[in-house]
Amino acid sequence: MEYKGNPVSEGIAVGKAYLYQPYVPQVTEGEIPEDQAPAAVARYEKLLEGAKQELAAIRDRLEKAGDGDKAKIFTAHQDILFDVAMDEEIRDKITYDFMTPEWAIHKVYEKFIKILNKAKDDLIRERVADMRDVKNRLLRIAAGVPEKNLAALGEPVIVVAHDLLPSDTATLDRKNVLALVTEIGGATSHSAIIARSYEIPALLGVDGAMENLSHGQEIAVDAVEGLLVADPSGEVKADFAKKREAFLKRREEEKKFLGVEPRMADGTLLPVHLNVGSANDQELAAEKYTDGVGLFRTEFIYMGKEQLPTEDEQYEIYKKVLTAFGDRPVTIRTLDIGGDKKLQCMELPVEENPFLGNRALRLCFSMPEVFLTQLRAALRASVHGNLWIMFPMVGSMDDIRRAKAFVQQAKDQLDAQGVPYSPNVKLGIMVEIPSIALVADLAAKEVDFASIGTNDLTQYSTAVDRMNPALREYYQSYHPALFRLIGYVVESFAKEGKPVSVCGEMGGDPYAAAVLAGLGMSKLSMGSASVARIKKMLSGLTMEKARELAAKARSLPTNDEVESYLKAELAALL
Ligand code: PEP
Ligand code: MG
């Protein structure tokens, strides 16, 4: 059985699945008889002591392994455990309100989590995950459930989980983790960030992994192509071993290209931009090697929040990214939720076909205040850099005009308040719906730039749900129709002298990127993990050759023929 996933940290591994189910506390409202309060306080103190010991043991282990930074996380957890304000309130709730220790812990932690969630400072808000961790630890000890963590695995395994908490990933027994597979989580989730920093292959978003795989079952993970094979045959395993060897060799070679200019073999410059989902330092680290931000998926700053981020919070985040990139363009894509992207802080209607439903720009039109708040935040931040605002899921000229009217309204509101913004903000669209690609000549007259969202453009052009693993063979990223559509968009914008880039996954795929260069793309945008590889490919490719590849990719009849052709032609460069 094969499964698809999002390869957020490249690598290849074959091994036994270790199904990891973190403890989920079940806490119910509970009272104690008045005369039992002192005994309940004593029980609470025992829980504190138990948690303290566990934390000290993890810290020691990490320090011994030379992982001082990770050890600090657990010193912070200990501080939370003995936080005076929380500790006092828990004791009061047990002593005077006769709550069970579990219920008191739950109430007090949740109250403080709510307060932290409202904080303006990112760092303070990020402590919420740590507080949840400490709370779960206390409740688990109270339930008498032994600690199950990933710090001591005993043998090399592939960790499979629904999702991972910061403490799970931070304590990973690295030498025994061959790969990570989770059901949820994106490139900016904790699991992804830590996996990349450890160089552990990670495949996220593998739907139904916990249900379909079993503990100890042999699995093969290809976190380059985004594939998981359960019970691989001898043949598949041999194939994976070969792929792994080739991958490791390639990675070493590619790293040499990270810092070079994105220059093609004939000297043509093709700027390489970065896709980000937050303003975290880890994500912005690739700023050193890139020419701008081609896609800031702002929906990630709305995710996992109990409230919508405020205008000020968003302003600070956008300002940070704009400041980091100075004169280089930073393309902020407005909120793109719906489809597979859900928000905790916003109830979205249940729809039969969410990918064809009320998502992204359409949803913003139906929630003017949410949209205007984001636009005001972005415009305010524009004084700190070179801001480009981009609208997702544009299907028609009506969408463009309506979105631009919203920007004007946001500007009017700022003008009325006397709040400054840059007069040079560029407005552009994502081209990810065929209907807008086919009127690109008209669109190019009304916007400043376009960026092709190949993930959705493939989905909508081929009529294949991009999330449905059963339809993988029909989701054809090298379909000649796509290159024809993209070519038309580039030509239409070129006539107006306006830039077009690609920010979908194709931009970071070296085979497709070679074609995109030949189609006349102004820049390519990708996740940081693809930067070195794309620069390497470009350094060996002339524009003349790229044009030849592009002409062929538009004229060959099938996806597979295009793919085989490109792989053969570019084999020497990659
Ligand atoms: C795309 O559709 O190609 C894209 C870049 O947007 P997302 O993947 O966030 O839908
Ligand atoms: Mg998209």
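Helices and strands here are DSSP runs, numbered from the N terminus, and the model they belong to is predicted.

**View 1. Ligand 1 and the residues around it.** Here's the ligand with its neighbours: 14 residues surround ligand 1, and the closest are Arg297, Arg333, Gly453, Asn455 and Arg466. By class, that shell has seven charged residues, four polar and three nonpolar. Helix H17 (454-462) gives the largest share of the shell, three residues, and strand S10 (293-297) supplies at least two.

View 2. Zoom in on the oxygen atoms of the ligand. One of them is 2.8 Å from an N or O atom in the side chain of Arg297. For Glu432, a side-chain N or O atom is 3.0 Å from a ligand oxygen.

**View 3. The largest cavity.** Take the ligand away, and the space it took is the largest cavity, holding about 80 Å³. Among the 14 residues lining this cavity, Arg297, Arg333, Glu432, Asn455 and Arg466 are the closest to its centre. S10 and H17 each supply at least two residues of the lining.

**View 4. The second largest cavity.** This one has about 50 Å³ of space. Its lining includes Gly294, Thr331, Trp388 and Lys523. Two elements give two or more residues to the lining, strand S14 (449-452) and strand S15 (500-502), with the largest share, three residues, coming from S14. By class, the lining has five nonpolar residues, four polar and one charged.

Conventions: Residues numbered from 1 in each chain as written. Chains lettered and ligands numbered in written order. Predicted model: local features only at pLDDT ≥ 70, side-chain atom pairs only at ≥ 80, totals over all residues. Heavy atoms only, no water. Near = heavy atom within 4 Å. Polar contact = N/O pair within 3.5 Å; in protein donor to acceptor, adjacent residues only side chain to side chain. 1 Å grid on protein atoms, 1.4 Å probe; cavity = no way out; pocket = protein on both sides within 12 Å on 5 of 7 lines; lining within 4 Å. Sits in = over half its atoms within 2 Å of the grid points. Helix = DSSP H or I, 4+ residues; strand = E, 2+ residues; numbered from the N terminus. Nonpolar A, V, L, I, M, F, W, Y, C, P; charged D, E, K, R; others polar. Points joined across faces, edges and corners; volume = space filled by probe spheres on them.
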